[in-house]
Amino acid sequence: RQRRSLRRKQHVDRIPRICYNQNEKTPSRMCRAIGKGTKMENTEQAKAFFQSDIFATEVLGVEIVSAAPRHAVCRLPYGRRVSNAMGHVMGGALFSLCDLTFAAAANSADISAVTLSSDIHFLRPASAASGTLVAEAVCIHDGGHTCVYRIGVTDESGQQICEMTGN
């Protein structure tokens with residue numbers, strides 16, 4: 001019995017406090033599933049891990065350029081397949097690019113992270129003719145239990161297309 005409680009205590013120590021149920025001293029079901037992180041130490045490990053994100057990597061074609069703890073860069077080669085009725089890159093494609101970039105940066109540390117909230121501002125349209133968009137995620141606040149990231153998307157000319165914040 002002592003051995004089982006010791007194992008449970010060791011497991012619980014690896015889970016952030018935000019995941020605890022308020023009424024009990026046990027991790028919530030969601031956080032038990034998350035558990036310890038993926039420990040992605042380099043870009044190649046991040047690419048391999050996120051290859052299973054079929055929508056972002058295969059449907060949209062988002063590519064991870066670099067991933068390090070609290071920082072990542074991804075790109076989205078685009079064309080008609082991600083255009084809306086007005087001939088611009090769809091907002092959903094931009095959000096998905098930001099979301100994968102955010103995930104690559106936040107999950108490159110030693111604990112798996114999920115999004116609590118995100119907010120995106122579309123600053124100017126990106127013509128869907130063809131080109132590449134680049135997203136960069138940077139941790140702007142690390143509070144231990146929650147972090148805040150800023151994700152900026154620019155086009156080939158360096159014009160900022162949108163900005164997302166997520167935690």
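## Close-up views of a predicted model

View 1. Let's start with Thr43, which is found in helix H3, a stretch covering residues 43-50. Keep in mind that this is a predicted model. Is Thr43 buried or exposed? Its relative accessible area is 18%, and since buried means under 20%, Thr43 counts as buried. Setting aside residues up to four places away in sequence, Thr43 touches Ile64, Val65, Ser66 and Ala67. Take Val65 as an example: Thr43 and Val65 are 22 residues apart in sequence, yet their C-alpha atoms are 7.4 Å apart in space.

**View 2. Stepping back to the whole chain.** The chain has five helices and six strands. Read from the N terminus on, the elements go α-α-α-α-β-β-α-β-β-β-β. Of the 167 residues in the chain, 36% are buried. The chain exposes about 10000 Å², and carbon and sulfur atoms supply 50% of that area. How far apart in sequence are the residues that touch? Take the contacts between residues at least 6 apart in sequence: 57% of them join residues at least 24 apart.

View 3. In what order do the six strands form the open sheet? The order is E1-E2-E4-E5-E6-E3, and the pairing is antiparallel. E1 and strand E3 (118-122) stand at the edges with a single partner strand each, so one side of each has no neighbour in the sheet. On average, neighbouring strands of this sheet are turned by 15° against each other, direction ignored.

View 4. Eight bridges link E2 and E4, which pair in the antiparallel sense.

**View 5. The hairpin of E4 and E5.** E4 and E5 also pair in the antiparallel sense, over eight bridges. Find Asp142 and you will see it standing opposite Cys147 in E5. The two strands form a hairpin with four residues between them. Which residue in the turn has a positive phi? That's Gly144, at about 90°.

**View 6. The hairpin of E5 and E6.** Now follow E5 on to E6: these strands run antiparallel and are joined by six bridges. Tyr149 has Gly166 in E6 as its bridge partner. This hairpin has five residues between the strands, and here Gly158 takes a positive phi near 90°.

**View 7. Inside the largest nonpolar core.** This core has 35 residues, and the members that touch the most others are Ile64, Val89, Leu97, Leu133, Ile151 and Val153.

View 8. The structure holds two aromatic pairs. In the pair of Phe49 and Phe50, the ring centres are 4.9 Å apart and the planes are at 85°, so the pair is edge-to-face. Phe49 is partly exposed, with a relative accessible area of 38%. Phe50, on the other hand, counts as buried at 7% relative accessibility.

**View 9. A pair that links a helix and a strand: Phe102 and Tyr149.** These two residues form a tilted aromatic pair, 5.2 Å centre to centre with 55° between the planes. Why does the pair tie together parts that are 47 residues apart in sequence? Because Phe102 lies in helix H5 while Tyr149 lies in strand E5. Phe102 is buried, with a relative accessible area of 4%. Tyr149 counts as buried too, at 4% relative accessibility.

Conventions:
Residues numbered from 1 in each chain as written. Predicted model: local features only at pLDDT ≥ 70, side-chain atom pairs only at ≥ 80, totals over all residues. Heavy atoms only, no water. Buried < 20%, exposed > 50% of the residue type's maximum accessible area, 1.4 Å probe, protein only. Contact = heavy atoms within 4.5 Å. Areas by Shrake-Rupley, 256 points an atom, 1.4 Å probe, with all protein chains shown as cover. Core = buried A, V, L, I, M, F, W, Y, C linked by side-chain atoms within 4.5 Å. Pairing = 2+ DSSP bridges. Axes fitted to C-alpha atoms, helices over the stretch in contact; angles between N-to-C directions. Phe/Tyr/Trp six-rings, centres within 6.5 Å; stacked < 30°, edge-to-face > 60°.
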